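Colleague: Please take one part of this protein and look at it closely for me. I would like to know how that part sits in the whole.

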Amino acid sequence: MNIIESIIIGLVQGLTEFLPVSSSGHIVLLQNVFGIQEQQIFFGVMVHLATLVAVTIVLWKDILKILKNLFGHMTWMIVIASIPAVIIGALFSDFFEEAFGGASLGYMFLLTALILTLSEKLYSRQRKNPRQEVNLKNALSMGIMQALAILPGVSRSGSTIAGGLFTGMNREAAAKFSFLMSIPIILGSAIFEGYDAVKVGIGNVDWLPVILGMVAACISGYVAVKFMLNLIKRKRLYGFAVYVGILGALVILDQLVFHVFF
């Protein structure tokens, strides 16, 4: 991976980690576009950590409140929301690893489009004063949706926000809790990927592309979190649904007909 590729992948990783368009799906897509055959495990760990830094910077006040009351309500809601992804990821790890080959990528992008569209349709029919506090039903719903988003092409942020909207949460509250939920998941993913990287051997690391990729991921991740928290108050998610729907259709078309990248 050269410097330009690492910066582009870092930028895309940071943006798509928190925009409802699937970071894993876009990374698989970029790897096919750039013709990167081998899995860049170490680089993946480092850019994941960079996105963790980004969301921590934006939500530091909320994180500080949680740390001051470590065994309080919000901590337990985050723990409960994390359980489905941990269980499903552990039970079906081989299946999810195969999915990163990209065979189902286009269909998963279409599934993300459907989830976003349905969440907005159902949200508009619910009561006028949605919940601002996270309860057990919200946490479980968002946790189950987060587990589904292990599949590349299914957006984690989009699915979890949708899970909150499905169960009557306020739009901004659902987005903020979605980003708080991402912290243990990103950290856990980095730890497991880091273990894999150590197991296969890191080798001689070209640090310049890694550092530049991390900086790009951190900056774009910060922008994406701030953008989504502001956007979700005023706008619906239909624009993102249209984007991933078109992207999914193009990927399927390439896989079935043109075979340029797949």
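Modeller: Two residues are in contact when heavy atoms of theirs lie within 4.5 Å. In this predicted model, residues 24 or more positions apart account for 84% of the contacts with a separation of 6 or more.

The protein has twelve helices and zero strands. Its radius of gyration is 18 Å, close to the 18 Å that the globule rule gives for 262 residues, so the protein is as compact as a globular protein of that length. Along the principal axes, the C-alpha atoms fill a box of roughly 50 × 45 × 35 Å. Buried residues make up 50% of the 262 residues.

Now to H1 itself. The helix covers residues 3-18, which is 16 residues. At 1.5 Å a residue H1 should span 22 Å, and its end C-alpha atoms are 23 Å apart, which agrees.

Which residues of H1 are buried? They are Glu5, Ser6, Ile9, Gly10, Val12, Gln13, Gly14, Thr16, Glu17 and Phe18.

One of the buried residues, Phe18, deserves a separate look. A search of the whole structure finds three aromatic pairs. Phe18 and Phe179 form an edge-to-face pair, with 5.7 Å centre to centre and 85° between the planes. This pair links distant parts of the chain, since Phe18 is in helix H1 and Phe179 is in helix H10, 161 residues apart. Both Phe18 and Phe179 are buried.

Phe42 lies in helix H3 and Trp207 in helix H11, so the pair ties together parts that are 165 residues apart in sequence. Phe42 counts as buried, at 18% relative accessibility, because the limit for buried is under 20%. Trp207 is partly exposed, with a relative accessible area of 44%.

Methods
Residues numbered from 1 in each chain as written. Predicted model: local features only at pLDDT ≥ 70, side-chain atom pairs only at ≥ 80, totals over all residues. Heavy atoms only, no water. Helix = DSSP H or I, 4+ residues; strand = E, 2+ residues; numbered from the N terminus. Expected span 1.5 Å × (residues − 1). Buried < 20%, exposed > 50% of the residue type's maximum accessible area, 1.4 Å probe, protein only. Rg over C-alpha atoms; globule rule 2.2 N^0.38 Å. Phe/Tyr/Trp six-rings, centres within 6.5 Å; stacked < 30°, edge-to-face > 60°.
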